[in-house]
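Subject: Structure handover

Hello,

Here is the structure for your files.

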Amino acid sequence: GIGSGFINVAVSTLNPEVKSGIHNLIGSSFIELNPKHPDLNRKVNILAQYDGDAQAKALGVAVSAGISLGASVAVTFVDPVIEAYLTSDSDVSTLKIESDIPWIIEARQNINKDGSFVESGAISQASASGGGIFSGTGSIATAKNRPMVNAKAAVKGHLVIRNLTINALTYSLSSAETFGVSVGGVGMGASVSTADSDGTVKATFATGTTGKNVETLYVKATVNDNAYATSVSGVGGVISANGSVANATAQTDSTAEITGSSTLTSQQIDVESVARPMSLAEANGVSAGGLAVGASVATSTVKPTVKASVNANITSTILNVKAQKLTLDSILNSNAEANAAAGALIGINATVAKTYDETKVSATIGAGRTIESSQISVYALNNSKQQAITSNLVISAGGLITIAVGGSEARSTTDLETVAEVGNNTKIKQRSVSTNSFSVEASTTIDQYAQT
C-alpha cells in the first residue's frame with residue numbers, strides 16, 4: 001500500500017531457582033566398610049545443576065509504494081539461582097559429621113559432569129527490512145545471562161571428613177544477532193546488538209566457630225563466559241543512512257574462599273578461582289545511494305573479578321591459593337571487528353572497533369591469621385589477549401564517485417589489576433624441619449592488537 005509498517009517484539013525470560021543441600025545433620029557418620037579395599041564409587045554427592053535455554057526471535061518485513069517503516073525487538077534475560085550446600089545453625093555437640101568417604105558439593109550451570117559445555121543460554125535474534133519512497137527499519141537484540149552459582153560448606157559444629165570437594169562452575173552464554181535492510185528514495189536502517197554475560201560464581205568453605213579437620217580440601221570456582229554480539233545493516237536509496245552497532249561484555253565474577261574464626265586442620269588445601277572470559281562483537285554495514293552514509297561500531301569488553309582467598313587459621317602440609325584469568329585455548333579474550341562499505345556519488349562511511357580488558361585478579365591470605373604449613377603458594381595470573389580490527393571500503397561504479405570520505409578507528413585497551421599478597425600481621429610457621437617452601441607470585445601477560 002501507500003504506507004506500511006510493523007513492530008515486532010519478542011521477550012523471553014528465565015529465572016529458576018535450583019537448590020540442593022543438607023542442613024543441620026545430626027550425629028552422622030559415613031564409614032568405609034572395607035578401608036583396605038575402598039569402593040571408589042562410594043561418595044556423598046550434593047549436586048545442584050541447571051541447563052536452561054531462553055530464546056527470543058523477532059522477524060519483520062514492511063514494503064509499500066509510499067512510506068515503509070518497521071522495527072523488530074528481541075530481548076532475552078536468564079537469571080538462574082543455583083545452590084548446593086552443607087550447613088548448620090549451631091555448634092552444639094549433636095550437630096556433628098564424620099566421614100571417611102569422599103564428599104562432593106557442586107553447583108553448576110550448563111556444564112556436564114565430564115566438563116563439556118551445554119550450548120544453551122540467553123539467545124536473541126532480530127531482523128527487519130523495508131522498501132518504499134521513504135523506508136526505515138530497525139532491529140534491536142539484547143541477550144543477558146546473569147547466573148548466581150554458589151557451592152558452600154558452612155558447618156558450625158564438629159566436622160571430620162577425609163576428602164571434601166566444593167565446586168561452583170558455569171558456562172554463561174549470551175548471544176545477540178540483528179539484521180536490517182532498508183531500500184527507498186530515502187532509506188534508513190539501524191541494527192543494534194547487545195550481549196552481556198554478567199553473574200557471580202562462588203565456592204566457599206566456612207570454618208565456623210569450632211575447629212574443622214578435612215584431610216584433603218578442594219575449593220574451586222570456575223567461570224566460562226561467552227558473550228557474542230553481531231549486527232548487519234544495509235540500506236540503499238537516493239539518500240541512504242545506516243548504523244550497525246554491536247556490544248559484547250563478559251564480566252561474570254569468580255570467587256573461591258575459606259573463611260572463619262576457628263582453625264582448619266588438613267593435609268592438603270587447594271583454593272582456586274578461574275575465569276575464562278570470551279567476548280566477540282562484530283558490526284557490519286553496507287550503504288548505497290546518491291548520498292550514502294554508514295557507520296559500524298563494535299565494542300568488546302572483558303572485566304570479571306577473579307578472587308581466591310584464605311581468611312582463616314590454617315594448619316596443613318600443603319596450602320595453595322590460586323586465582324587465574326585464562327584464555328579458552330588459543331581464542332581471544334576480547335575481539336571486536338567493524339566492517340563497512342559504501343557506493344554512491346557521495347559516499348561517507350565510518351568504522352569503529354574497540355576492545356577493553358579490565359580484569360581484576362587477586363590471590364590472598366588475609367590479615368592477622370596464623371598459617372602453619374610446610375608448603376605455601378599464593379599465585380595470581382592475569383593473561384590478556386585481544387584485538388580490534390576495522391575495514392572501511394568506498395566503492396566506485398564506473399568512476400561516478402565525486403566525493404568519498406571514510407574514517408576508521410581501531411583501539412585495544414588493557415587495564416589489568418593483578419595482586420598476590422599475604423596480609424599484615426599474619427604469622428607464617430613452618431610445619432616440618434626438612435622441607436619447607438613459601439612463594440607469593442603475581443604474573444601478567446598482555447597480547448593486544450589493533451588494525452585499521
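A salt bridge here is a side-chain nitrogen of Lys or Arg within 4 Å of a carboxyl oxygen of Asp or Glu. R411 and E409 form one through their side chains, at 3.0 Å from N to O.

This is a predicted model: local features need pLDDT of at least 70 and side-chain atom pairs 80 or more, while totals for chains, interfaces and linings use all residues. Residues are numbered from 1 along each chain as its sequence is written, and side-chain values use heavy atoms, with hydrogens and water left out.

On exposure, buried means under 20% relative accessible area, exposed over 50%, and partly exposed in between (1.4 Å probe, protein chains only). R411 is partly exposed at 43% relative accessibility, and E409 is partly exposed at 28%.

The whole structure has six salt bridges. Another of them joins the side chains of K325 and D357, at 3.0 Å from N to O. K325 lies in strand β17 (residues 305-325) and D357 in strand β18 (residues 334-357), so the pair ties together parts 32 residues apart in sequence. Strands are DSSP runs (E, at least two residues), numbered from the N terminus. Both K325 and D357 are buried.

D79 and R146 also meet in a salt bridge, at 2.8 Å from N to O. D79 sits in the loop between β6 (67-78) and β7 (81-87), and R146 in the loop between β10 (122-145) and β11 (148-154), 67 residues apart. D79 is partly exposed at 24% relative accessibility, as is R146 at 34%.

Regards

Conventions
Helix = DSSP H or I, 4+ residues; strand = E, 2+ residues; numbered from the N terminus.
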